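The sequence and structure are shown first.

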Amino acid sequence: MKKNILFLLVLLAVGSFILVGVYLGRNTPTQAIDVTNAVCSISTTAVIASAQGDVYAPSEIVAEDPDLHYLAYYSVDGEQIEDPVYESIPDHLLDEQKDASLQNAGWEVFTDLISPEDRQMVTRYNVFTDGYSNTLAAVDQVKEDPSLWILEMDIADLEDRDALLFTVVHEYAHLLTLNASQVEPDADLVNDPFNQDLQKEKAAACSTYFAGNGCSYSDSYIHAFYQRFWLDIADEWARIDALAYTSEDLDVYYEALYSFYKTHQDQFVDDYATTHPAEDIAESFTYFVFGPKPTGMSIKEQKIAFFYEYPELIALRERILQNACSLE
Ligand SMILES: [Zn+2]
């Protein structure tokens, strides 16, 4: 299965912090969980399996850019999307651009899975496509008000249900861990995401974990996660991450990151999690939702168990699983 992570990496590299889910390869299934609902339409084993595979193995990297187009920008009003604004696009995408029902279907995957009380930060919905696979979904902050968020969905990727469920929960994990109650909204950063000097300046002024889009609060999930799991590896990771900005050849970065994953494989739920601490917590959260409660003591199991320390997150997991089990 082809994956193109270059788009993702470029976005991360420029610090724009659009956080994307990629369609990952399939590999060994893990054990199923007990979903509280006895009649469940999804297999959590298959959802987890959809995320596994060596995405960052240099042999898996697809070098060329996917052809990415935004089709429509919607406002969100409660459960509904409305007032679409249409982007000019190539002729071959006109049918998709007119397909309101398909665009609604993407939105409904998100609203069916995430309960209304858990997604109040999402006030816009963008429809894009880069063709089948590649990027499935993303979230970003609203420039005019960084306490509000945008969900973005690729309407070409609604068919593969397992990968889509995994990706939607992964994207939701970004909303959960980066929203205004967790990370102080920073309009400077959101409006100037390419400015590396600004990133450094803001990071230096932040005494807690600097999440890229702002300074995390001391009681935030991501600050606690970083303090517990990243302090030992942060310097090594930062040297590798810098290659994404400084190397003429991105392969140098990919190879170093994959080697980092191989060295620390017991610490990460999959190789995608090594791309950034914000991706690590999002990926670990998704394994927490769809995977079994860990019984071992490896660091990657501790990362999943981390979320069980928060009663509100156990309740959130139950809501998401109940919703997932009720999907058509
Ligand atoms: Zn992500």
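## Helix packing around α5

In this predicted model, α5 and helix α11 (residues 277-290) pack with their axes 8 Å apart and at an angle of about 120°. Axes are lines fitted to C-alpha atoms, for helices over the stretch in contact, and angles run from 0 to 180 degrees between N-to-C directions. Helices (H or I, at least four residues) and strands (E, at least two) are DSSP runs numbered from the N terminus. Residues are numbered from 1 along each chain as its sequence is written. Because the model is predicted, local features need pLDDT of at least 70 and side-chain atom pairs count only at pLDDT 80 or more, while totals for chains, interfaces and linings use all residues.

The contact is made by residues of α5 including Phe166, Val169, His170 and Ala173, and by residues of α11 including Ala278, Ile281, Glu283 and Phe285; two residues are in contact if their C-beta atoms, placed from the backbone, lie within 7 Å. By class, the contact of α5 with α11 has 11 nonpolar, 4 polar and 1 charged residues.

Helix α4 (residues 100-113) also meets α5: their axes come within 10 Å and cross at roughly 65°. On the α4 side the contact is made by Val109, Phe110 and Leu113, and on the α5 side by Leu164, Leu165, Val168 and Val169. The residues of the contact of α4 with α5 comprise 7 nonpolar, no polar and no charged.

| Helix pair | Axes | Angle |
|---|---|---|
| α5 and α11 | 8 Å apart | about 120° |
| α4 and α5 | within 10 Å | roughly 65° |

## The nonpolar core

The largest nonpolar core has 73 residues, of which Leu165, Val169, Ile222, Leu257, Ile281, Phe285 and Ile320 touch the most other members. Such a core is a set of buried Ala, Val, Leu, Ile, Met, Phe, Trp, Tyr and Cys residues joined through C-beta atoms within 7 Å. Helix α5 (residues 161-178) supplies the largest share of this core, 11 residues. Leaving aside residues up to four places away in sequence, Phe285 touches Ala173, Leu176 and Phe307.

## The chain as a whole

The protein chain has 13 helices and 6 strands. Of its 328 residues, 41% count as buried, that is, with 20 or more other C-beta atoms within 10 Å of their own. Among contacts between residues at least 6 apart in sequence, 69% join residues at least 24 apart.

Terms used. Buried ≥ 20, exposed ≤ 12 C-beta atoms within 10 Å, placed from the backbone. Nonpolar A, V, L, I, M, F, W, Y, C, P; charged D, E, K, R; others polar.
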